[in-house]
Amino acid sequence: MIIVLKNSQQDKIQKLCDLISSRYNVDVHISYGKSKTILGLIGDTSSVDIESIQAQDIVESVKRVQEPYKKTNRKFHPDDTVITLENGCKIGGGNLTVMAGPCSVESQEQIIEIAKSVKKSGANILRGGAFKPRTSPYSFQGLGEQGIRYLINAKRETGMPIISEIMSSSQLPLFEEVDIIQVGARNMQNFELLKLLGKTDKPILLKRGLANSIEELLMSAEYIMANGNEKVILCERGIRTFETMTRNTLDISAVPLLKKLSHLPVVVDPSHASGIAWLVEPLAMAAVAAGADGLIIEVHNNPALAKSDGAQSITPQMFDGLTGRLKKIIPALDKEF
Ligand code: PEP
Ligand code: MN
C-alpha cells in the first residue's frame with residue numbers, strides 16, 4: 001500500500017508513520033521525492049483502514065499495490081535511484097555508466113593493462129572476475145583471493161572503482177575494497193547470499209538468471225532491499241531461448257519494462273547476452289537506445305588466449321570504437337557519459 005502525502009512538515013510525516021506502524025503492525029518506508037513524499041507500507045496491510053488514513057489532513061491519496069515487489073517498485077519511489085560510488089561516480093538517473101574489463105582477472109599485468117586502456121576509452125568502472133562460476137569443474141575457476149588483490153591494485157593504479165562477482169557468503173570479507181559486488185546469473189536466487197548482501201552497504205549488481213522472469217529478478221532485488229541495502233543495480237544479461245545462434249537472447253524489452261516497474265538502475269551485459277565479440281557493439285547500442293543506465297562489457301587484451309569467455313571478449317581497440325560511437329548517440333538520449 002502506498003500513501004501519497006501533500007507537502008508537509010517533517011514532524012507531521014514522522015507522527016503519521018509512527019501512528020500507522022504501531023496501529024497496524026506494518027513497516028513504513030518513506031521516500032522523499034522531487035515532487036512528492038510517499039509512504040510505502042510493507043507487511044500485512046489487510047487490516048489497514050484506508051478511510052481513516054485518507055481522513056488525515058496531510059494525506060493526498062492511498063492506493064493498494066498489487067505487485068509482490070515493494071521496495072523495488074517505482075510506485076514506492078517514483079524518482080530514479082542514483083547510486084554514488086566513493087569516487088563520485090554515479091549510476092542511474094540520467095548517467096550512462098560503462099563497466100569494462102576481462103571476464104577473469106588472469107595476472108597483475110593483464111588487469112592493469114586492460115584497466116588503463118578501457119579508462120582511456122571512457123570506461124567508468126573496471127570489471128574482473130576472481131571467483132568464476134564455470135559450467136565445467138575442469139575449466140579455469142578464477143584466481144580467487146589473489147585475483148581480488150590484483151583487481152584492488154589496478155584500482156589503486158588507475159583510480160577506477162571495481163566490480164567483481166561473489167559466489168558464496170564466505171568470500172564476503174575479501175570484498176571490503178571492491179566497490180560493487182556482482183551476483184551472477186547462477187546465484188540470482190541464492191536467497192541466503194542475497195539476505196547477507198542485504199545486510200551490507202555495498203552496491204550490488206544483480207544479474208538476471210538464465211531462465212528467470214522479470215518479476216523473479218525484481219523479487220531477488222527485493223530480498224536485498226528488504227534486508228536493508230537499497231543500493232541495487234539490475235542487470236539484463238540475456239536469457240535462454242530456443243535460439244542457438246547466440247549464447248543467450250538479449251531481452252531488450254526487459255530494459256524499458258524494468259525502468260517502468262522499478263526505480264533501480266538497469267545495466268545491460270551485451271557480452272554474455274551474445275557470446276560473440278562482433279555482436280557486442282550493436283547490442284550495446286540497442287541497450288542504451290532502449291534506456292539502459294549502463295553497460296558491462298568484457299574486454300580482453302588477447303581474446304584468443306583468454307582463460308574464459310574469449311569468444312565474446314572485445315579488444316581494447318574495439319572497445320574504443322564502441323565508446324566513440326556511443327558518445328555520438330548520447331546527446332539524443334538525454335544522458336551524460
Ligand atoms: C560474468 O560476468 O563473467 C558472468 C559469469 O556473468 P553471468 O553471471 O551473467 O553469466
Ligand atoms: Mn564472462
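Tutor: A polar contact here is a pair of N or O atoms within 3.5 Å. Keep that cut-off in mind for the ligand. The model is predicted.

Start with the shell. There are 13 residues around ligand 1. Those that come nearest are Arg127, Lys132, Ala185, Lys207 and Arg237. By residue class, the shell holds seven charged, three polar and three nonpolar residues.

Now the individual contacts. Lys207 reaches ligand 1 with its side chain: an N or O atom there is 2.9 Å from an oxygen atom of the ligand. Ala185 uses its backbone instead, with a polar backbone atom 2.7 Å from a ligand oxygen. Glu298 also takes part, through a polar side-chain atom that lies 3.3 Å from an oxygen atom of ligand 1. How much of ligand 1 does the protein bury? Taken alone, ligand 1 exposes 300 Å², and the protein buries 98% of that.

Asp179 sits in the loop between strand E9 (162-166) and strand E10 (180-183). Asp179 counts as buried because its relative accessibility is 10%, and buried means under 20%. What does its side chain contact? The Asp179 side chain makes a polar contact with the side chain of Lys155, at 2.9 Å. A polar atom of the Asp179 side chain also lies 2.9 Å from the backbone nitrogen of Ile162.

Step back to the whole chain. The protein chain is divided into domain 1 (2-63) and domain 2 (83-333). Their centres, taken over C-alpha atoms, are 37 Å apart.

Then the backbone. Most residues other than glycine have a negative phi. Two residues here go the other way. Asn25 has a positive phi, near 55 degrees. Asn25 is placed in the loop between helix H1 (10-24) and strand E2 (27-32). Is Asn25 buried or exposed? Asn25 is exposed, because its relative accessible area is 69% and exposed means over 50%. Asp334 has a positive phi as well, near 60 degrees. Asp334 belongs to the segment after helix H10 (316-329). Asp334 is exposed too, with a relative accessible area of 72%.

Lys335 is in that segment after H10, but Lys335 counts as buried, at 16% relative accessibility. Met285 and Leu295 are ten residues apart in sequence, and their C-alpha atoms are 9.6 Å apart. Met285 counts as buried because its relative accessibility is 16%.

Finish with the cysteines. A disulfide is a covalent bond between the sulfur atoms of two cysteines. The cut-off needed here is 2.5 Å between the sulfurs. On that rule, the count is zero disulfides. Cys89 counts as buried, at 12% relative accessibility. Cys17 counts as buried as well, at 5%.

Notes:
Residues numbered from 1 in each chain as written. Chains lettered and ligands numbered in written order. Predicted model: local features only at pLDDT ≥ 70, side-chain atom pairs only at ≥ 80, totals over all residues. Heavy atoms only, no water. Near = heavy atom within 4 Å. Polar contact = N/O pair within 3.5 Å; in protein donor to acceptor, adjacent residues only side chain to side chain. Areas by Shrake-Rupley, 256 points an atom, 1.4 Å probe, with all protein chains shown as cover. Nonpolar A, V, L, I, M, F, W, Y, C, P; charged D, E, K, R; others polar. Buried < 20%, exposed > 50% of the residue type's maximum accessible area, 1.4 Å probe, protein only. Domains from an automatic or database assignment. Helix = DSSP H or I, 4+ residues; strand = E, 2+ residues; numbered from the N terminus.
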